[in-house]
Amino acid sequence: MKLYPLKFQPILKERLWGGTKLKDVLGKPSESEITGESWELSGVPGDISQVSNGELQGVSLQELINDYPEELLGKSVVQRFGKEFPILIKFIDAKQDLSIQLHPNDALAKERHNSFGKTEMWYVMDADKEANLIVGFNKDVTKEEYSKSLEDNTLLDLLNYEDVSEGDTFFINTGKIHAIGAGVLLAEIQQTSDVTYRVFDFNRKDKEGNLRELHTEMALDAMDYKKKDDFIVNYPTQSNQINTMVDCPYFKTNFIEITEDLTQEVTQRDSFTIYMCVGGKVEVTTQAGSAIIEKGETVLVPARTNMITLSGSNAKLLEVTI
């Protein structure tokens, strides 16, 4: 079997804070008014992606990994993660503010949840006027100050707000308190984990009239209480070049703007390659076949690939590898 560039059926998730931009802007097949997430590439149990193109249409990502582990993932990736897909790829539409939350590191997540931690990054694709994100604290705080702010309902006074526009990119390491603000549509790249500690949810109720669960106690030992300016990602944007955005132990992400054909020799990469199209339209071609992706679509290029050619005249891509 020659593994060609693989597209997958999006897994749409209704969320209390979701809206209609995933349908209206990215063309997702949603009929809901509160679609918050489109899981583009997922190995999360219960939400395994299925191939949508070519002769492997209908086959699950996990089946492909089981049958072709090194060919699909890369030998080094299999050595690190076994037959688990280590990355979760999403598009997120926040019509309302998301809950204020954080994620535990690998050690804590393993101990408490038998899961990976959740390091992630965000690339803003669209933002309403005056939209913002919450990332970190606006000063160093103590655990006691933080706990008192929850009691006094003054947590928002301690948080750092960042105004955003298209192209802004943020790296969210574990322990950092954060929230996506209303009016933001973004691409999210993260470790495969669904472990989130929600600490404040604006006292909202779900459709059954219940307050959503908070994880106040678990968050206390997982949180970084220091003010840090390590989250804004500054990156070059040269056309037809590989522009490094994030290079961390869990994923590497590059920004590529295509105005003419770009060919990469990737024999030594020893990792799958993911392309998220965040603007325009591009054809991704390998020795085994090709796939066209438009804004809001994602393709997985198997590790057993020699060359990748990106063809387009006006496309913006996030390239993700391990």
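**Ground rules.** I am working with a predicted model, where local features need pLDDT of at least 70, side-chain atom pairs count only at pLDDT 80 or more, and totals for chains, interfaces and linings use all residues. Residues are numbered from 1 along each chain as its sequence is written, and side-chain values use heavy atoms, with hydrogens and water left out.

**Entry 1: Ile232.** I looked up where Ile232 sits. I found Ile232 in the loop between α7 (216-220) and β15 (243-247). Helices (H or I, at least four residues) and strands (E, at least two) are DSSP runs, numbered from the N terminus. Ile232 counts as partly exposed because its relative accessibility is 46%. The scale calls a residue buried under 20% relative accessible area, exposed over 50% and partly exposed in between (1.4 Å probe, protein chains only). Leaving out residues up to four places away in sequence, I see Ile232 touch Glu162, Thr169 and Phe170. Contact here means heavy atoms within 4.5 Å. I also checked Asp206: 26 residues separate it from Ile232 in sequence, and 32 Å in space, C-alpha to C-alpha.

**Entry 2: β15 and its partner.** I followed the chain on to β15. It runs antiparallel to β16 (residues 252-258), and four bridges join the two. Strands pair if DSSP finds at least two bridges between them. Thr244 stands opposite Asn254 in β16. A hairpin of four residues links β15 to β16.

**Entry 3: the cores.** Which residues touch the most other members of the largest nonpolar core? I noted Phe85, Ile274 and Leu300, in a core of 43 residues. Another core lies apart from it, with 21 residues, among them Phe137, Phe200, Ala222 and Met223. Such a core is a set of buried Ala, Val, Leu, Ile, Met, Phe, Trp, Tyr and Cys residues joined through side-chain atoms within 4.5 Å. Beyond its neighbours within four places in sequence, Ile274 is in contact with residues including Leu41, Phe85, Leu300 and Val320.

**Entry 4: the cavities.** I counted two cavities of 30 Å³ or more. On a 1 Å grid over the protein atoms alone, a cavity is a set of points where a 1.4 Å probe fits but cannot get out; lining residues have an atom within 4 Å of a point. Grid points are joined across faces, edges and corners, and a volume is the space filled by probe spheres set on the points. The largest cavity has about 40 Å³. Its lining includes Gly136, Phe137 and Asp224.

Conventions. 1 Å grid on protein atoms, 1.4 Å probe; cavity = no way out; pocket = protein on both sides within 12 Å on 5 of 7 lines; lining within 4 Å.
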